[in-house]
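Hi everyone, thanks for making time for this.

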Amino acid sequence: MFVSGFDLAQLAENASQRGRQLLSNLQAYLERDYEQRGLPDFGIEKAAEIIGCTSQHLRGKEGDGVLPTPRTARVGSLDRRVYNYNEINEIRRHLKRDASRPTSCARLIFSNLKGGVGKTSHALHLSHYAAREGFHVLVVDLDPQATLTTAFGLIPGLNIGADDDIGPSLTANPELILQSIKRTRWNEIDLVPAQLSLQYTDWQMLQARDDDRQRLGPLPQRLRQALDQVAHRYDLIVMDTPPALGMLSLNAIAAADMILMPITPNFYDIASSVQYFAILSQLASTYVNALRVRQLSLLMTRTDSSPETRTNMSLLNQAYGEFLLTNRMPQTRELQRATGDQMSLYEIEVPRGARETYLKAIDAMNTVNAEIMQHVWQVWRTAEIALPVEGQHG
Ligand SMILES: Nc1ncnc2c1ncn2[C@@H]1O[C@H](COP(=O)(O)OP(=O)(O)OP(=O)(O)O)[C@@H](O)[C@H]1O
Ligand SMILES: [Mg+2]
(Lines give C-alpha, C1' and ligand atoms only; values in the text may rest on other atoms or scores of the structure.)
(Ligands and ions follow the chains in the order given, each with its own letter.)
Protein backbone atom coordinates (compact mmCIF):
# COMPACT_ATOMS: atom_id res chain seq x y z
CA MET A 1 0.00 0.00 0.00
CA PHE A 2 1.29 3.43 -0.91
CA VAL A 3 0.98 6.11 1.81
CA SER A 4 1.40 9.60 0.47
CA GLY A 5 3.78 11.84 2.40
CA PHE A 6 5.59 8.85 3.90
CA ASP A 7 9.19 9.95 4.36
CA LEU A 8 11.36 6.93 5.19
CA ALA A 9 14.56 8.98 5.37
CA GLN A 10 13.07 11.32 7.98
CA LEU A 11 11.53 8.44 9.90
CA ALA A 12 14.81 6.54 10.06
CA GLU A 13 16.68 9.70 11.08
CA ASN A 14 14.20 10.28 13.94
CA ALA A 15 14.50 6.66 15.07
CA SER A 16 18.28 6.84 15.04
CA GLN A 17 18.24 10.07 17.09
CA ARG A 18 15.88 8.51 19.65
CA GLY A 19 18.04 5.36 19.72
CA ARG A 20 21.15 7.45 20.43
CA GLN A 21 19.35 9.20 23.29
CA LEU A 22 18.18 5.85 24.67
CA LEU A 23 21.73 4.49 24.51
CA SER A 24 23.17 7.46 26.30
CA ASN A 25 20.52 7.18 29.09
CA LEU A 26 21.25 3.48 29.37
CA GLN A 27 24.98 4.10 29.59
CA ALA A 28 24.49 6.71 32.33
CA TYR A 29 22.38 4.18 34.28
CA LEU A 30 24.95 1.38 33.82
CA GLU A 31 27.77 3.69 34.88
CA ARG A 32 25.91 4.64 38.09
CA ASP A 33 25.06 1.00 38.79
CA TYR A 34 28.71 0.01 38.29
CA GLU A 35 29.98 2.75 40.59
CA GLN A 36 27.47 1.91 43.32
CA ARG A 37 28.10 -1.80 43.27
CA GLY A 38 30.83 -2.74 45.68
CA LEU A 39 31.99 -5.90 47.36
CA PRO A 40 29.85 -7.19 50.25
CA ASP A 41 30.68 -6.22 53.82
CA PHE A 42 31.12 -8.91 56.47
CA GLY A 43 31.13 -8.68 60.26
CA ILE A 44 34.24 -9.55 62.24
CA GLU A 45 33.21 -13.19 62.87
CA LYS A 46 32.84 -13.95 59.15
CA ALA A 47 35.98 -11.99 58.26
CA ALA A 48 37.97 -13.99 60.83
CA GLU A 49 36.53 -17.24 59.48
CA ILE A 50 37.64 -16.35 55.92
CA ILE A 51 41.11 -15.36 57.15
CA GLY A 52 41.35 -18.52 59.27
CA CYS A 53 41.71 -17.00 62.74
CA THR A 54 39.44 -16.00 65.61
CA SER A 55 37.63 -12.68 65.94
CA GLN A 56 39.42 -12.13 69.28
CA HIS A 57 42.73 -12.38 67.45
CA LEU A 58 41.63 -9.73 64.95
CA ARG A 59 40.32 -7.44 67.69
CA GLY A 60 43.60 -7.86 69.58
CA LYS A 61 45.72 -6.99 66.53
CA GLU A 62 43.52 -3.99 65.76
CA GLY A 63 43.86 -2.85 69.36
CA ASP A 64 47.66 -3.24 69.19
CA GLY A 65 47.79 -1.14 66.04
CA VAL A 66 49.19 -4.08 64.00
CA LEU A 67 46.12 -3.86 61.78
CA PRO A 68 44.55 -0.70 60.37
CA THR A 69 41.42 0.63 62.10
CA PRO A 70 38.47 -1.14 60.42
CA ARG A 71 35.52 0.58 58.83
CA THR A 72 32.31 0.57 60.81
CA ALA A 73 28.66 0.42 59.83
CA ARG A 74 25.71 1.37 61.98
CA VAL A 75 23.48 -1.60 62.88
CA GLY A 76 20.61 -0.41 65.11
CA SER A 77 22.28 1.71 67.78
CA LEU A 78 25.70 0.05 67.44
CA ASP A 79 28.68 0.70 65.19
CA ARG A 80 29.89 -2.69 63.97
CA ARG A 81 33.25 -3.41 62.35
CA VAL A 82 32.88 -4.39 58.69
CA TYR A 83 35.34 -5.83 56.18
CA ASN A 84 35.18 -6.59 52.47
CA TYR A 85 37.28 -9.13 50.55
CA ASN A 86 39.91 -6.52 49.65
CA GLU A 87 40.31 -5.52 53.30
CA ILE A 88 40.37 -9.18 54.35
CA ASN A 89 43.25 -9.84 51.96
CA GLU A 90 45.02 -6.74 53.25
CA ILE A 91 44.72 -8.12 56.81
CA ARG A 92 46.12 -11.46 55.60
CA ARG A 93 49.19 -9.64 54.32
CA HIS A 94 49.59 -7.70 57.59
CA LEU A 95 49.29 -10.93 59.58
CA LYS A 96 51.66 -12.71 57.16
CA ARG A 97 49.00 -15.30 56.50
CA ASP A 98 49.53 -15.13 52.74
CA ALA A 99 52.71 -17.20 52.92
CA SER A 100 51.60 -20.36 51.13
CA ARG A 101 51.68 -18.76 47.69
CA PRO A 102 52.78 -20.80 44.68
CA THR A 103 55.94 -20.01 42.77
CA SER A 104 54.39 -20.37 39.33
CA CYS A 105 51.19 -19.58 37.47
CA ALA A 106 48.60 -22.27 36.67
CA ARG A 107 46.44 -21.75 33.59
CA LEU A 108 42.99 -23.23 33.59
CA ILE A 109 40.21 -23.23 31.00
CA PHE A 110 36.54 -24.00 31.28
CA SER A 111 35.70 -25.73 28.06
CA ASN A 112 32.83 -27.62 26.45
CA LEU A 113 31.37 -27.47 22.96
CA LYS A 114 27.93 -27.48 24.55
CA GLY A 115 26.41 -24.20 25.70
CA GLY A 116 24.65 -23.57 28.99
CA VAL A 117 26.57 -26.16 31.02
CA GLY A 118 28.04 -23.65 33.49
CA LYS A 119 31.43 -22.71 31.97
CA THR A 120 31.00 -19.01 32.66
CA SER A 121 29.32 -19.46 36.06
CA HIS A 122 32.15 -21.68 37.27
CA ALA A 123 34.89 -19.49 35.78
CA LEU A 124 33.38 -16.57 37.74
CA HIS A 125 33.02 -18.50 40.99
CA LEU A 126 36.44 -20.13 40.83
CA SER A 127 38.14 -16.78 40.26
CA HIS A 128 36.28 -15.25 43.22
CA TYR A 129 37.03 -18.27 45.40
CA ALA A 130 40.76 -18.12 44.59
CA ALA A 131 40.83 -14.34 45.19
CA ARG A 132 39.09 -14.84 48.54
CA GLU A 133 41.98 -17.13 49.44
CA GLY A 134 44.38 -14.33 48.55
CA PHE A 135 45.66 -15.64 45.20
CA HIS A 136 46.34 -13.26 42.33
CA VAL A 137 44.07 -14.13 39.46
CA LEU A 138 43.87 -13.06 35.83
CA VAL A 139 40.52 -13.82 34.23
CA VAL A 140 40.58 -13.99 30.44
CA ASP A 141 37.22 -13.85 28.70
CA LEU A 142 37.51 -15.53 25.30
CA ASP A 143 33.79 -15.69 24.61
CA PRO A 144 32.44 -12.91 22.34
CA GLN A 145 29.14 -13.18 24.29
CA ALA A 146 31.12 -11.43 27.09
CA THR A 147 28.95 -12.81 29.92
CA LEU A 148 31.91 -13.14 32.26
CA THR A 149 33.09 -9.64 31.37
CA THR A 150 29.75 -8.11 32.31
CA ALA A 151 29.71 -10.12 35.56
CA PHE A 152 32.80 -8.08 36.48
CA GLY A 153 30.92 -4.86 35.75
CA LEU A 154 32.71 -4.12 32.48
CA ILE A 155 30.46 -3.29 29.60
CA PRO A 156 31.51 -3.35 25.94
CA GLY A 157 31.22 0.15 24.47
CA LEU A 158 31.01 1.73 27.94
CA ASN A 159 34.17 0.94 29.85
CA ILE A 160 35.86 -1.33 27.29
CA GLY A 161 37.55 0.27 24.30
CA ALA A 162 37.45 -1.16 20.78
CA ASP A 163 40.89 -2.82 21.09
CA ASP A 164 40.68 -3.80 24.75
CA ASP A 165 40.02 -7.50 24.26
CA ILE A 166 42.48 -10.34 23.67
CA GLY A 167 42.22 -9.94 19.87
CA PRO A 168 45.13 -7.53 19.19
CA SER A 169 47.57 -9.64 21.21
CA LEU A 170 46.71 -12.63 19.01
CA THR A 171 46.71 -10.83 15.67
CA ALA A 172 49.26 -7.99 16.04
CA ASN A 173 51.63 -8.30 19.00
CA PRO A 174 51.54 -10.54 22.11
CA GLU A 175 52.67 -7.60 24.27
CA LEU A 176 49.38 -5.81 23.58
CA ILE A 177 47.83 -8.01 26.27
CA LEU A 178 49.29 -5.53 28.76
CA GLN A 179 46.96 -2.84 27.41
CA SER A 180 43.86 -5.01 27.58
CA ILE A 181 44.21 -5.98 31.26
CA LYS A 182 41.59 -4.18 33.37
CA ARG A 183 41.35 -3.88 37.11
CA THR A 184 38.15 -5.10 38.76
CA ARG A 185 36.51 -4.27 42.08
CA TRP A 186 38.41 -7.27 43.46
CA ASN A 187 41.98 -6.11 44.14
CA GLU A 188 43.24 -9.65 43.50
CA ILE A 189 41.50 -10.06 40.14
CA ASP A 190 42.39 -8.50 36.81
CA LEU A 191 40.39 -9.11 33.68
CA VAL A 192 41.02 -9.27 29.97
CA PRO A 193 37.51 -8.49 28.73
CA ALA A 194 35.68 -9.85 25.73
CA GLN A 195 33.30 -8.17 23.31
CA LEU A 196 31.31 -9.12 20.25
CA SER A 197 34.06 -8.09 17.83
CA LEU A 198 36.12 -11.05 19.13
CA GLN A 199 33.96 -13.02 16.68
CA TYR A 200 36.28 -11.73 13.94
CA THR A 201 39.51 -12.65 15.66
CA ASP A 202 39.44 -16.22 14.32
CA TRP A 203 39.05 -14.88 10.81
CA GLN A 204 41.71 -12.17 11.31
CA MET A 205 44.20 -14.74 12.58
CA LEU A 206 43.71 -16.83 9.47
CA GLN A 207 43.96 -13.77 7.16
CA ALA A 208 47.33 -12.57 8.45
CA ARG A 209 50.07 -11.83 5.89
CA ASP A 210 52.84 -14.41 5.60
CA ASP A 211 55.47 -12.17 7.21
CA ASP A 212 53.08 -11.40 10.11
CA ARG A 213 52.45 -15.09 10.54
CA GLN A 214 56.14 -15.76 10.76
CA ARG A 215 56.66 -12.95 13.23
CA LEU A 216 53.71 -13.99 15.39
CA GLY A 217 54.44 -17.72 15.40
CA PRO A 218 52.15 -20.75 15.08
CA LEU A 219 48.41 -19.96 15.16
CA PRO A 220 47.43 -22.20 18.10
CA GLN A 221 50.18 -20.81 20.32
CA ARG A 222 49.41 -17.09 20.10
CA LEU A 223 47.43 -16.95 23.33
CA ARG A 224 50.10 -18.83 25.22
CA GLN A 225 52.70 -16.32 23.99
CA ALA A 226 50.51 -13.43 25.10
CA LEU A 227 49.94 -14.99 28.54
CA ASP A 228 53.69 -15.60 28.88
CA GLN A 229 54.09 -11.79 28.94
CA VAL A 230 52.05 -11.45 32.14
CA ALA A 231 51.97 -14.87 33.86
CA HIS A 232 54.69 -13.83 36.34
CA ARG A 233 52.20 -11.40 37.94
CA TYR A 234 49.55 -14.02 38.68
CA ASP A 235 49.10 -17.30 40.56
CA LEU A 236 46.20 -18.43 38.43
CA ILE A 237 44.82 -17.60 34.99
CA VAL A 238 41.17 -18.58 34.54
CA MET A 239 39.84 -18.60 30.99
CA ASP A 240 36.26 -18.83 29.81
CA THR A 241 35.71 -20.16 26.29
CA PRO A 242 32.81 -19.98 23.83
CA PRO A 243 30.75 -23.11 23.10
CA ALA A 244 32.51 -23.62 19.77
CA LEU A 245 35.83 -24.96 18.68
CA GLY A 246 37.27 -22.07 16.68
CA MET A 247 40.74 -20.62 16.80
CA LEU A 248 40.04 -18.91 20.15
CA SER A 249 39.12 -22.17 21.87
CA LEU A 250 42.02 -23.97 20.23
CA ASN A 251 44.38 -21.26 21.51
CA ALA A 252 42.84 -21.63 24.98
CA ILE A 253 43.46 -25.38 24.95
CA ALA A 254 47.05 -24.83 23.81
CA ALA A 255 47.60 -22.28 26.59
CA ALA A 256 46.10 -24.43 29.36
CA ASP A 257 47.68 -26.55 32.08
CA MET A 258 44.23 -27.72 33.10
CA ILE A 259 41.01 -28.29 31.21
CA LEU A 260 37.85 -28.26 33.24
CA MET A 261 34.83 -29.50 31.42
CA PRO A 262 31.49 -28.77 33.07
CA ILE A 263 28.95 -31.35 31.99
CA THR A 264 25.26 -31.69 32.76
CA PRO A 265 24.03 -35.26 33.15
CA ASN A 266 21.54 -35.38 30.31
CA PHE A 267 21.63 -37.42 27.14
CA TYR A 268 22.48 -34.62 24.68
CA ASP A 269 25.30 -33.24 26.79
CA ILE A 270 26.76 -36.71 27.26
CA ALA A 271 26.58 -37.21 23.49
CA SER A 272 28.37 -33.91 22.88
CA SER A 273 31.07 -34.82 25.40
CA VAL A 274 31.90 -37.86 23.26
CA GLN A 275 32.44 -35.54 20.28
CA TYR A 276 34.47 -33.17 22.43
CA PHE A 277 36.87 -35.93 23.48
CA ALA A 278 37.19 -37.20 19.90
CA ILE A 279 38.12 -33.67 18.73
CA LEU A 280 40.48 -33.18 21.67
CA SER A 281 42.22 -36.42 20.85
CA GLN A 282 42.70 -35.28 17.21
CA LEU A 283 43.97 -31.90 18.34
CA ALA A 284 46.38 -33.44 20.80
CA SER A 285 47.87 -35.70 18.15
CA THR A 286 48.03 -32.89 15.54
CA TYR A 287 49.62 -30.39 17.93
CA VAL A 288 51.72 -32.75 20.06
CA ASN A 289 54.32 -30.11 20.85
CA ALA A 290 51.91 -27.20 21.21
CA LEU A 291 49.88 -28.55 24.12
CA ARG A 292 50.89 -28.40 27.79
CA VAL A 293 47.71 -29.78 29.39
CA ARG A 294 48.45 -31.82 32.50
CA GLN A 295 44.98 -32.19 33.95
CA LEU A 296 41.63 -32.95 32.42
CA SER A 297 38.66 -32.97 34.77
CA LEU A 298 34.93 -33.22 34.31
CA LEU A 299 32.66 -31.32 36.64
CA MET A 300 29.05 -32.47 36.83
CA THR A 301 26.81 -29.42 36.96
CA ARG A 302 23.14 -28.60 37.35
CA THR A 303 22.40 -32.02 38.86
CA ASP A 304 19.07 -32.82 40.48
CA SER A 305 17.54 -35.86 42.13
CA SER A 306 15.32 -37.03 39.26
CA PRO A 307 15.61 -40.75 38.35
CA GLU A 308 16.82 -39.80 34.85
CA THR A 309 19.63 -37.62 36.22
CA ARG A 310 20.69 -40.35 38.63
CA THR A 311 20.85 -42.93 35.84
CA ASN A 312 22.87 -40.55 33.67
CA MET A 313 25.19 -39.70 36.55
CA SER A 314 25.95 -43.34 37.12
CA LEU A 315 26.55 -43.83 33.37
CA LEU A 316 28.92 -40.84 33.39
CA ASN A 317 30.68 -42.35 36.39
CA GLN A 318 31.17 -45.65 34.61
CA ALA A 319 32.48 -43.98 31.46
CA TYR A 320 34.62 -41.18 32.86
CA GLY A 321 35.18 -42.25 36.48
CA GLU A 322 38.79 -41.17 36.84
CA PHE A 323 38.22 -37.77 35.19
CA LEU A 324 35.16 -36.86 37.22
CA LEU A 325 35.52 -34.51 40.14
CA THR A 326 34.13 -36.07 43.31
CA ASN A 327 32.03 -33.03 44.08
CA ARG A 328 29.31 -31.75 41.80
CA MET A 329 27.25 -28.59 41.51
CA PRO A 330 23.50 -29.11 41.93
CA GLN A 331 20.89 -27.11 40.05
CA THR A 332 20.03 -24.21 42.33
CA ARG A 333 17.91 -21.11 41.89
CA GLU A 334 20.34 -19.08 44.02
CA LEU A 335 23.07 -19.47 41.39
CA GLN A 336 20.66 -18.72 38.59
CA ARG A 337 19.47 -15.56 40.35
CA ALA A 338 22.97 -14.41 41.27
CA THR A 339 24.39 -14.83 37.78
CA GLY A 340 21.23 -13.24 36.38
CA ASP A 341 22.17 -10.16 38.44
CA GLN A 342 25.77 -10.34 37.15
CA MET A 343 27.09 -11.46 40.54
CA SER A 344 28.59 -14.53 42.11
CA LEU A 345 27.25 -16.25 45.22
CA TYR A 346 30.30 -14.82 46.99
CA GLU A 347 29.16 -11.27 46.24
CA ILE A 348 25.67 -11.58 47.66
CA GLU A 349 25.00 -9.81 50.93
CA VAL A 350 21.35 -10.70 51.36
CA PRO A 351 20.12 -13.93 49.71
CA ARG A 352 17.13 -13.43 47.38
CA GLY A 353 15.38 -16.63 48.52
CA ALA A 354 15.52 -18.72 51.70
CA ARG A 355 18.79 -18.38 53.63
CA GLU A 356 19.07 -22.15 53.89
CA THR A 357 18.93 -22.53 50.08
CA TYR A 358 21.64 -19.90 49.73
CA LEU A 359 23.87 -21.60 52.31
CA LYS A 360 23.42 -24.95 50.58
CA ALA A 361 24.35 -23.40 47.23
CA ILE A 362 27.46 -21.67 48.54
CA ASP A 363 28.48 -24.81 50.41
CA ALA A 364 28.26 -26.87 47.22
CA MET A 365 30.19 -24.20 45.29
CA ASN A 366 32.88 -24.10 47.98
CA THR A 367 33.44 -27.87 47.93
CA VAL A 368 33.64 -27.86 44.12
CA ASN A 369 36.13 -24.99 44.15
CA ALA A 370 38.19 -26.51 46.97
CA GLU A 371 38.54 -29.68 44.90
CA ILE A 372 39.51 -27.72 41.78
CA MET A 373 42.11 -25.83 43.85
CA GLN A 374 43.60 -29.16 44.98
CA HIS A 375 44.23 -29.92 41.30
CA VAL A 376 45.61 -26.41 40.79
CA TRP A 377 48.03 -27.09 43.64
CA GLN A 378 49.20 -30.23 41.83
CA VAL A 379 50.01 -28.10 38.78
CA TRP A 380 51.84 -25.56 40.96
CA ARG A 381 53.86 -28.29 42.68
CA THR A 382 54.75 -30.01 39.41
CA ALA A 383 55.95 -26.67 37.99
CA GLU A 384 57.99 -26.06 41.13
CA ILE A 385 59.82 -29.35 40.69
CA ALA A 386 60.29 -28.86 36.94
CA LEU A 387 61.34 -25.21 36.76
CA PRO A 388 64.75 -23.79 37.48
CA VAL A 389 64.59 -21.13 40.23
CA GLU A 390 64.97 -18.17 37.83
CA GLY A 391 61.89 -19.34 35.84
CA GLN A 392 59.59 -19.00 38.84
CA HIS A 393 57.71 -15.96 39.99
CA GLY A 394 57.89 -14.52 43.45
N1 LIG B 1 24.19 -25.11 39.14
C2 LIG B 1 23.35 -24.28 38.52
N3 LIG B 1 22.11 -24.08 39.01
C4 LIG B 1 21.25 -23.25 38.40
N5 LIG B 1 21.52 -22.56 37.31
C6 LIG B 1 22.74 -22.70 36.77
C7 LIG B 1 23.72 -23.57 37.34
N8 LIG B 1 24.84 -23.48 36.58
C9 LIG B 1 24.57 -22.62 35.59
N10 LIG B 1 23.31 -22.15 35.70
C11 LIG B 1 22.61 -21.19 34.82
O12 LIG B 1 22.62 -21.70 33.51
C13 LIG B 1 22.79 -20.67 32.56
C14 LIG B 1 24.01 -21.01 31.70
O15 LIG B 1 25.15 -21.01 32.53
P16 LIG B 1 26.54 -20.48 31.99
O17 LIG B 1 26.36 -19.18 31.30
O18 LIG B 1 27.50 -20.54 33.10
O19 LIG B 1 26.84 -21.62 30.92
P20 LIG B 1 27.93 -21.62 29.74
O21 LIG B 1 28.39 -23.03 29.60
O22 LIG B 1 28.95 -20.59 29.98
O23 LIG B 1 27.03 -21.21 28.49
P24 LIG B 1 27.58 -20.65 27.05
O25 LIG B 1 28.25 -21.81 26.40
O26 LIG B 1 26.34 -20.22 26.35
O27 LIG B 1 28.52 -19.54 27.33
C28 LIG B 1 22.96 -19.37 33.36
O29 LIG B 1 21.71 -18.72 33.38
C30 LIG B 1 23.32 -19.85 34.76
O31 LIG B 1 22.82 -18.99 35.75
MG1 LIG C 1 29.56 -18.96 28.83
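Let's start on H16, where Tyr358, Ala361, Ile362, Met365, Val368, Asn369, Ile372, Val376 and Val379 are buried. By buried I mean that 20 or more other C-beta atoms lie within 10 Å of the residue's own; 12 or fewer makes it exposed, in between is partly exposed, and the C-beta atoms are placed from the backbone. Helices here are DSSP runs of H or I with at least four residues, strands are runs of E with at least two, and both are numbered from the N terminus. H16 has 32 residues, and its first and last C-alpha atoms are 46 Å apart, close to the 46 Å expected at 1.5 Å a residue. That expected span is 1.5 Å times one less than the number of residues.

Quick housekeeping. This is a predicted model, where local features need pLDDT of at least 70 and side-chain atom pairs count only at pLDDT 80 or more, while totals for chains, interfaces and linings use all residues. Residues are numbered from 1 along each chain as its sequence is written, and chains are lettered from A and ligands numbered from 1 in the order in which they are written.

OK, the cores. A nonpolar core is a set of buried Ala, Val, Leu, Ile, Met, Phe, Trp, Tyr and Cys residues joined through C-beta atoms within 7 Å. The largest one has 75 residues, and Leu108, Val137, Leu236 and Ile237 have the most contacts inside it. H16 is the top contributor to this core, giving eight residues. Contact means C-beta atoms, placed from the backbone, within 7 Å. There's also a second, separate core of six residues, with Ala47, Ala48, Ile51 and Tyr83 among them.

Now domains. We have domain 1 (44–94) and domain 2 (106–391), with bounds from an automatic or database domain assignment. Their centres, taken over C-alpha atoms, are 32 Å apart. Five residues of domain 1 and six residues of domain 2 make the contact. Helix H4 (residues 85–94) supplies four residues, the largest share of the domain 1 side.

On to the ligand. Which residues come nearest to ligand 1? Of the 19 around it, they are Gly115, Lys119, Thr120, Ser121 and Pro243, where near means a C-beta atom, placed from the backbone, within 6 Å. H5, strand E9 (295–303) and helix H15 (333–340) each give two or more residues to that shell. By class, the shell has four nonpolar, twelve polar and three charged residues. Nonpolar is Ala, Val, Leu, Ile, Met, Phe, Trp, Tyr, Cys and Pro; charged is Asp, Glu, Lys and Arg; the others, Gly among them, are polar.

After H5 comes Gly134, with a positive phi near 95 degrees.

Last stop, Asp141, in strand E4 (residues 137–141). Buried or exposed? Asp141 counts as buried, because it has 29 C-beta neighbours inside 10 Å. Beyond four places in sequence, Asp141 touches residues including Ala146, Leu191 and Asp240.

Terms used
Contact = placed C-beta atoms within 7 Å.
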